Amino acid sequence: MSDVRVRFAPSPTGYLHIGGLRTALFNWLYARHEGGTFIVRIEDTDRDRSTDEAIDVILEGLRWTGLTWDEGPYRQTDRLDLYRQQAMGLLERGQAYWCICTTEELEARRKEAQATGQPLKYNGQCRERGITTPTQPAALRFKSPQEGETVVEDLIKGAIVFDNAVLDDLIILRSNGYPTYNFSVVIDDAMMGITHVIRGDDHVNNTPRQVPIFSALGYAIPKFAHLPMILGADKARLSKRHGATSVLAYQEMGYLPEALVNYLVRLGWSFGDQEIFSLTEMVEKFSFGSVQKAAATFNPEKLLWLNAEYMKQSDPKQVAHQLQPFLQQQGYDPNSPIQPQGGLEALVPPLRERARTLVEMVDWSLPYVIEPVVRDEAATKKFITPEIAPSLQKFVERGKALEPFTKETAEQLFHVILEEDGLKMGNLAQPLRVALTGRTTSPGIYDVMELLGKDRSMNRILEALQHVSSCGIVPTDA
RNA sequence: GUCCCCAUCGUCUAGCCUGGCCUAGGACGCCGGCCUUUCAAGCCGGCAACACGGGUUCAAAUCCCGUUGGGGACGCCA
């Protein structure tokens with residue numbers, strides 16, 4: 001194992017979203033590529049917005065996509081003493097100071113600065129006050145360097161130069177005693193020996209604020225890699241407005257985790273013209289050098305295509321397994337005798353040519369797993385006609401005697417009847433399809449019959465013929 | 001407003017670092033055709049981009065500068 005240590009550090013204020021998952025993925029890929037350690041750390045220092053439910057959901061999302069972690073999940077709220085201790089050290093060494101400006105004052109100043117077009121920067125009012133023992137609520141601020149420049153050597157974007165004059169004296173300890181993000185992240189990255197900070201590029205501007213804290217504390221500065229953002233179709237940062245952004249929502253919509261991950265890795269990373277990568281391949285081929293600098297737009301159509309590709313390439317048994325819970329939601333009972341011939345996995349090869357998600361596949365599956373079949377009225381009326389009824393009748397009579405009843409023997413019978421009755425393929429196939437499945441679209445009818453088996457196939461045709469007889473058009477003794 | 005980042009088909013991208021092989025390649029989507037018992041799938045073909053302006057050079061998508069456009073950040077959020 002190499003000494004590379006990376007972390008995914010979500011804040012548990014909501015679900016795991018697409019952007020977060022992509023960040024986690026790139027951390028994971030780099031860790032695995034280098035044989036390093038992937039750490040999960042929950043940044044829950046915002047005690048108003050953090051919830052345990054959110055932690056569960058985030059971890060569940062990570063598990064679903066197979067991004068296994070080696071250490072953690074650590075929680076920052078378990079480490080509060082550590083941050084306070086480090087903050088006090090800074091205070092003692094004169095690298096931090098108490099600030100008694102109230103939130104209201106700060107807010108008012110910000111508003112005014114905004115209105116007059118001034119920089120929205122803390123004015124340093126308390127910097128020289130030298131408050132040693134505050135008698136009112138006070139926050140601790142870090143004395144940021146105000147001269148010179150800070151250069152961040154980003155692994156993706158290259159060197160980024162910041163004039164230190166733009167740096168705020170940022171709050172590191174809130175008046176409630178909790179550390180703020182920019183402080184706890186530094187302490188943890190340092191103490192956990194993080195070697196590479198891989199995060200969204202909405203954090204680039206935080207980097208020059210964090211670097212001086214590492215230095216003030218005497219810690220080594222990690223390497224940074226800032227990933228481009230993922231945008232919605234309107235080019236705005238991906239958010240709820242853009243529809244589903246929760247990772248688990250994709251699970252519910254019937255996406256395969258491997259497909260989602262594959263889609264996400266290609267949002268910002270590429271390897272020549274290759275589109276499809278197994279997890280192993282991604283790990284092997286990943287490098288920061290081929291990570292895009294520009295933001296990417298999330299394209300649900302391409303995700304759909306990839307998902308369809310994965311369903312086609314996966315082991316049918318595996319797909320059937322993933323399909324089952326979705327089917328059960330629609331009333332399928334795995335213990336019922338009503339099963340496709342060959343089991344659920346026999347359904348997968350014909351249906352995956354027609355479905356792009358597991359949810360779509362469920363709809364195609366219904367005729368084979370639910371009795372009685374749901375019949376489309378219009379289709380039945382149109383195709384199950386008095387004219388074709390005798391041929392269907394004949395199909396049943398002879399079909400009953402077929403042994404074995406397979407798609408091959410069904411096909412033979414079909415052709416015999418075509419010839420005898422002088423019919424074209426379409427004349428008989430479409431009525432048969434409607435009789436068997438209740439709908440006008442399905443896999444090839446021989447496949448359908450094999451999936452249904454002899455008894456159910458014959459019964460379905462008979463049921464359909466009832467429709468003709470109940471209309472009183474032709475008598476039938478079926 | 002200030003700071004930072006970015007810029008190849010509608011979208012994801014290859015090419016850029018190490019200028020000529022680029023008449024700019026692939027993929028999604030779209031359009032057309034083939035196949036065909038329906039719907040798909042599959043196969044074949046088509047439309048479609050180097051943001052703009054200046055340099056540098058024999059030669060620029062590739063290097064430099066500027067403009068424009070887009071994104072991000074500016075919290076006692078993370």
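What is the volume of the largest pocket? In this predicted model, the largest pocket has a volume of about 1,200 Å³, and the second largest pocket has one of about 710 Å³.

**The largest pocket**

- The lining of the largest pocket consists of 41 residues. Those that lie nearest its centre are S11, H17, D202, H203 and R237.
- Four elements each supply at least two residues of this lining: the strands β1 (5-8) and β9 (196-200), and the helices α1 (18-34) and α5 (181-191).
- Helix α1 provides the largest share of the lining of the largest pocket, with six residues.
- By class, the lining of the largest pocket holds 17 polar, 14 nonpolar and ten charged residues.

**The second largest pocket**

- With a volume of about 710 Å³, the second largest pocket is lined by 28 residues. T103, L106, R110, R141 and I171 are the closest to its centre.
- Helix α4 (103-116) and strand β5 (139-142) each contribute at least two residues to the lining of the second largest pocket.
- The largest share of that lining, five residues, is supplied by α4.
- The lining of the second largest pocket comprises 13 nonpolar, eight charged and seven polar residues.

**Packing of helix α11 against α12**

- Helix α11 (residues 316-329) and helix α12 (residues 344-351) have axes that come within 8 Å and cross at roughly 100°. Angles of 65 to 115 degrees count as roughly perpendicular, and α11 is therefore roughly perpendicular to α12.
- On the α11 side the contact is made by P316, K317, V319, A320, Q324 and L327. On the α12 side it is made by L344, E345, V348 and P349.
- The contact of α11 with α12 contains seven nonpolar residues, one polar residue and two charged residues.

**Packing of helix α11 against α13**

- Helix α13 (residues 358-369) also packs against α11, at an angle of about 80° and with the axes 10 Å apart. This angle makes α11 roughly perpendicular to α13.
- V319, Q322, L323, F326 and L327 of α11 meet L358, V359, M361, V362, S365, L366 and V369 of α13.
- In the contact of α11 with α13 there are ten nonpolar and two polar residues, and no charged ones.
- V319 and L327 of α11 take part in the contact with α12 and also in the contact with α13.

**The three-stranded sheet**

- An open sheet of three strands is ordered β4-β5-β8, and its pairing is antiparallel. Because β4 (96-99) and β8 (171-173) stand at the edges with a single partner strand each, one side of each has no neighbour in the sheet.
- On average, neighbouring strands of this sheet are turned by 45° against each other, direction ignored.
- The antiparallel strands β5 and β8 are joined by two bridges. L140 has L173 of β8 as its bridge partner.

**The β6-β7 hairpin**

- Strand β6 (residues 149-154) and strand β7 (residues 158-163) run antiparallel and are joined by six bridges.
- The hairpin that joins β6 to β7 passes through three residues. Opposite E149 stands D163 of β7.

**Backbone features**

- Most residues other than glycine have a negative phi, and most peptide bonds are trans. The following residues are listed against that background.
- G72 and P73 are joined by a cis peptide bond, with omega about 0°. P73 lies in strand β3 (residues 71-75).
- A cis peptide bond also joins E371 and P372, where omega is about -5°. P372 is located in the loop between α13 and α14 (377-383).
- K235 is not a glycine, yet its phi is positive, at about 75°. K235 belongs to the loop between β11 (230-231) and α7 (247-252).

Methods:
Residues numbered from 1 in each chain as written. Chains lettered and ligands numbered in written order. Predicted model: local features only at pLDDT ≥ 70, side-chain atom pairs only at ≥ 80, totals over all residues. Heavy atoms only, no water. 1 Å grid on protein atoms, 1.4 Å probe; cavity = no way out; pocket = protein on both sides within 12 Å on 5 of 7 lines; lining within 4 Å. Points joined across faces, edges and corners; volume = space filled by probe spheres on them. Nonpolar A, V, L, I, M, F, W, Y, C, P; charged D, E, K, R; others polar. Axes fitted to C-alpha atoms, helices over the stretch in contact; angles between N-to-C directions. Parallel < 35°, antiparallel > 145°, perpendicular 65-115°, else oblique. Contact = heavy atoms within 4.5 Å. Pairing = 2+ DSSP bridges.
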